[in-house]
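Hello,

I am passing on a structure for you to look through, and below it I have written out what was found. Please keep it open beside this message as you read.

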Amino acid sequence: MSIEQSKLASMLWGFVTSGLVIFFLFSILVYIQSRQKTFLYYGFYTILLAVSLLYNSPYIPLSVLGDFRNSSFFSLSWFIQIVYNTFLFFFYIEFLELRTYFPKYSKNLIRFLRLLIGVSTILLLYSILSGQTIAYRNFFVYVFIPLITIVVLTALYVTGKIPNKLKYFIISGIIVYQVFAYTALLKSVYTTDGLYPIIYFYIGIMIETTLFMLGLGYKVKLVYQEKIDAQNRIIDEQNAN
């Protein structure tokens, strides 16, 4: 990696992590006021994603990162990714109101997510106690990634059937993130010319989280408009009587 790309990666890391922290604080504040779980789940997603990016921090000494990588606690880096992806799907369910449009699918999806967290937690404890971090990595790469990819594809199909404009924020966010994330993964496996792989991942995160925040703003606008319309209907009915 060239010096220019190193500087770009460091700059993007700071921009992305600070943005995620801001999104977290905003989401939690809105949740406290509105009690809408959509903001709670999105808040957890953004802060856990920010925590997972600490491993790529340009401000943490390489010796410290190396010690962490060689310790039995390195499995936590994989576990956090599983957890934040789980919260992201809970965010999808609440944001799109999937329980209303597809109750059976939502119920099965929630069961799968809970089972995934349960199994992942048990394997994490085993990995830490036994020191078998390679086993947890294999679980992440060969079990979690294929499963979550299938779930993403089915979720996109179901989301496309929802009769409102909110789905476009989710669909566009998912597609953009997946394209950039898989590009980063492939470039990290196969050495090619071009940008440093993690830069693609940062770009995907920035675009995805921005799209989701715009979607949350649009959802708040719709909820507020519904309340105004309901109040106007009540006023009209009172005036008619």
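A residue counts as buried when its relative accessible area is under 20%, as exposed when that area is over 50%, and as partly exposed in between. With a relative accessible area of 36%, Glu 97 is therefore partly exposed. Please bear in mind throughout that this is a predicted model.

The overall picture

The protein has nine helices and zero strands, so that line of elements reads α-α-α-α-α-α-α-α-α from the N terminus on. Its C-alpha atoms fill a box of roughly 75 × 40 × 30 Å along the principal axes, and 39% of the 241 residues count as buried. Among the contacts with a separation of 6 or more, 74% are between residues 24 or more positions apart.

As for confidence, the mean pLDDT of the protein is 86, and 94% of the residues reach 70 or more. Among the elements, helix α6 (residues 103-130) has the highest mean pLDDT, at 94, while α9 has the lowest, at 81. Where pLDDT is low, the predicted coordinates should not be read in detail.

Helix α4 covers residues 75-96, which makes 22 residues, and it reaches 32 Å from its first C-alpha to its last, close to the 32 Å expected at 1.5 Å a residue.

Just after α4 comes Glu 97, whose place is in the loop between α4 and α5 (98-101). The phi of Glu 97 is near 55°, a positive value in a residue other than glycine. Most residues other than glycine have a negative phi. Arg 35 also has a positive phi, near 60°, and it is found in the loop between α1 (3-34) and α2 (37-52). Arg 35 has a relative accessible area of 56%, and because this is over 50% it counts as exposed.

Aromatic rings

How many aromatic pairs does the structure hold? There are 22 of them, and one is formed by Phe 68 and Phe 74, whose ring centres lie 5.6 Å apart with the planes at 70°, so that the pair is edge-to-face. The step from the angle to the name rests on a cut-off, because planes over 60 degrees apart count as edge-to-face. Phe 68 is partly exposed, at 27% relative accessibility, whereas Phe 74 is buried, with a relative accessible area of 8%.

One aromatic cluster is formed by Tyr 42, Tyr 45, Tyr 84, Phe 89, Phe 91, Tyr 92, Phe 95 and Phe 212.

Two buried side chains in helices

Thr 209 lies in helix α9 (residues 197-240) and is buried, with a relative accessible area of 3%. A polar atom of the Thr 209 side chain lies 2.7 Å from the backbone oxygen of Ile 205.

Ser 120 has its place in helix α6 and counts as buried, at 0% relative accessibility. Its side chain reaches the backbone oxygen of Leu 116 at 2.6 Å. Leaving aside neighbours within four places in sequence, Ser 120 is in contact with Phe 79, Ile 82, Tyr 136 and Phe 139. An α-helix has 3.6 residues a turn, so residues three or four places apart point the same way.

A pair across the sequence

Val 176 lies in helix α8 (residues 166-189) and counts as partly exposed, at 22% relative accessibility. How many residues apart in sequence are Val 176 and Met 206? They are 30 residues apart in sequence, and in space they are 10.0 Å apart, C-alpha to C-alpha.

With best wishes

Technical notes
Residues are numbered from 1 along each chain as its sequence is written. This is a predicted model: local features need pLDDT of at least 70, side-chain atom pairs count only at pLDDT 80 or more; totals for chains, interfaces and linings use all residues. Side-chain values use heavy atoms; hydrogens and water are left out. Rings of Phe, Tyr and Trp (its six-membered ring) pair if their centres lie within 6.5 Å; planes under 30 degrees apart count as stacked, over 60 as edge-to-face and the rest as tilted. Buried means under 20% relative accessible area, exposed over 50%, partly exposed in between (1.4 Å probe, protein chains only). Helices (H or I, at least four residues) and strands (E, at least two) are DSSP runs, numbered from the N terminus. The expected span of a helix is 1.5 Å times one less than its number of residues. A polar contact is a pair of N or O atoms within 3.5 Å; within protein, one must be able to donate a hydrogen and the other to accept it, and residues adjacent in sequence count only if both atoms are side-chain atoms. pLDDT is the predictor's confidence in each residue, from 0 to 100. Contact means heavy atoms within 4.5 Å.
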